[in-house]
Amino acid sequence: MISILRLQIDSWVQLALGVLSTLSWLLGGYVLSLVGVWLLWLWQTGSALELWLDYRHHSRRPYLWLAPILLTLAILHTYGIFLILGCALAYGWHTIRDYRIVLRRPRSFWDL
């Protein structure tokens, strides 16, 4: 089972990187915004890989299949970064959904 602490750390890092990218884009720092999106993508890919290897979390498998394709498209095409951004938003939604599921599950003796 995925621990609540692991999901909290994952969601806070994703939120911080997303806010950094958005604020830098709004303030005109487009290079910093791109760096933030790439860091967010790297974090989410590492998180998906860890969830797949440790927990066999099946909702992350399509993301792992898409990651190399999106990387290739982002390198070869100018607007490929928007595909990565869309995938990052979808992954963030999956993280929030998993967080809500973990909060609803009953606590066991070992969580005390």
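Q: Why does Glu 50 count as partly exposed?
A: In this predicted model, Glu 50 has a relative accessibility of 27%. The partly exposed class runs between the buried limit of under 20% and the exposed limit of over 50%. Because 27% falls between these limits, Glu 50 is placed in that class.

Q: Why is Arg 6 assigned to another class, and what value makes it count as buried?
A: Arg 6 has 16% relative accessibility. Buried means under 20%, so Arg 6 at 16% counts as buried.

Q: What makes the contact of Glu 50 and Arg 6 a salt bridge?
A: Their side chains meet with an N to O distance of 2.5 Å. The criterion asks for a side-chain nitrogen of Lys or Arg within 4 Å of a carboxyl oxygen of Asp or Glu, and the pair at 2.5 Å therefore qualifies. In general terms, side chains of opposite charge can pair when their charged atoms come close.

Q: Why can the pair of Glu 50 and Arg 6 be said to tie together parts of the sequence?
A: Glu 50 belongs to helix 2 (residues 30-55) and Arg 6 to helix 1, so the pair links parts that are 44 residues apart in sequence.

Q: How do you know that Asp 10 forms a salt bridge with Arg 6?
A: The closest N and O atoms of Asp 10 and Arg 6 are 3.3 Å apart. The cut-off is 4 Å, so this pair too meets the criterion. Asp 10 and Arg 6 both lie in helix 1 (residues 4-26), four residues apart, about one turn of the helix. Both of these residues are buried.

Q: What joins Asp 98 and Arg 97, and how do their classes of accessibility follow?
A: The side chains of Asp 98 and Arg 97 meet in a salt bridge, at 3.6 Å from N to O. Asp 98 has 5% relative accessibility and therefore counts as buried, the limit being under 20%. Arg 97, with a relative accessible area of 28%, is partly exposed.

Q: What makes Arg 6, Asp 10 and Glu 50 one network?
A: Salt bridges that share partners join Arg 6, Asp 10 and Glu 50. Arg 6 is paired with Asp 10 and also with Glu 50. The structure holds three salt bridges.

Q: How do you know which elements make up the protein?
A: The protein has four helices and zero strands. From the N terminus on, the order is α-α-α-α. The C-alpha atoms fill a box of roughly 50 × 30 × 15 Å along the principal axes. Of the 112 residues, 31% count as buried.

Q: What makes up the largest nonpolar core?
A: The core has 15 residues, of which Trp 41, Tyr 63, Ile 84 and Tyr 91 touch the most other members. Helix 2, helix 3 (61-76) and helix 4 each supply at least two residues of this core, and helix 4 gives the most, with five. Membership requires buried residues, and in soluble globular proteins nonpolar side chains tend to be buried together.

Q: With which residues is Tyr 63 in contact, leaving aside its neighbours within four places in sequence?
A: Tyr 63 is in contact with Trp 41, Gln 44, Thr 45, Ala 48, Cys 87 and Tyr 91. Each of these contacts has heavy atoms within 4.5 Å of Tyr 63.

Q: What lines the largest pocket, and how is the lining divided by class?
A: About 650 Å³ of space lies in the largest pocket. Of its 24 lining residues, the closest to the centre are Gly 18, Ser 21, Thr 22, Leu 40 and Leu 85. Helix 1, helix 2 and helix 4 (80-104) are the elements that give two or more residues to this lining, with helix 4 giving the most, 10 residues. By class, the lining has 14 nonpolar, nine polar and one charged residues.

Q: Why does Leu 20 count as partly exposed?
A: Leu 20 lies in helix 1 and has 33% relative accessibility. Since buried requires under 20% and exposed over 50%, Leu 20 at 33% is partly exposed. Leaving aside neighbours within four places in sequence, Leu 20 is in contact with Leu 32 and Gly 36.

Q: Why is Ser 3 called partly exposed?
A: Ser 3, in the segment before helix 1, has a relative accessible area of 32% and is therefore partly exposed. The C-alpha atoms of Ser 3 and Ile 84, 81 residues apart along the chain, are separated by 27 Å.

Methods
Residues are numbered from 1 along each chain as its sequence is written. This is a predicted model: local features need pLDDT of at least 70, side-chain atom pairs count only at pLDDT 80 or more; totals for chains, interfaces and linings use all residues. Side-chain values use heavy atoms; hydrogens and water are left out. Buried means under 20% relative accessible area, exposed over 50%, partly exposed in between (1.4 Å probe, protein chains only). On a 1 Å grid over the protein atoms alone, a cavity is a set of points where a 1.4 Å probe fits but cannot get out, and a pocket is an open set with protein on both sides within 12 Å along at least five of seven lines; lining residues have an atom within 4 Å of a point. Grid points are joined across faces, edges and corners, and a volume is the space filled by probe spheres set on the points. Ala, Val, Leu, Ile, Met, Phe, Trp, Tyr, Cys and Pro count as nonpolar, Asp, Glu, Lys and Arg as charged, and the others, Gly among them, as polar. A nonpolar core is a set of buried Ala, Val, Leu, Ile, Met, Phe, Trp, Tyr and Cys residues joined through side-chain atoms within 4.5 Å.
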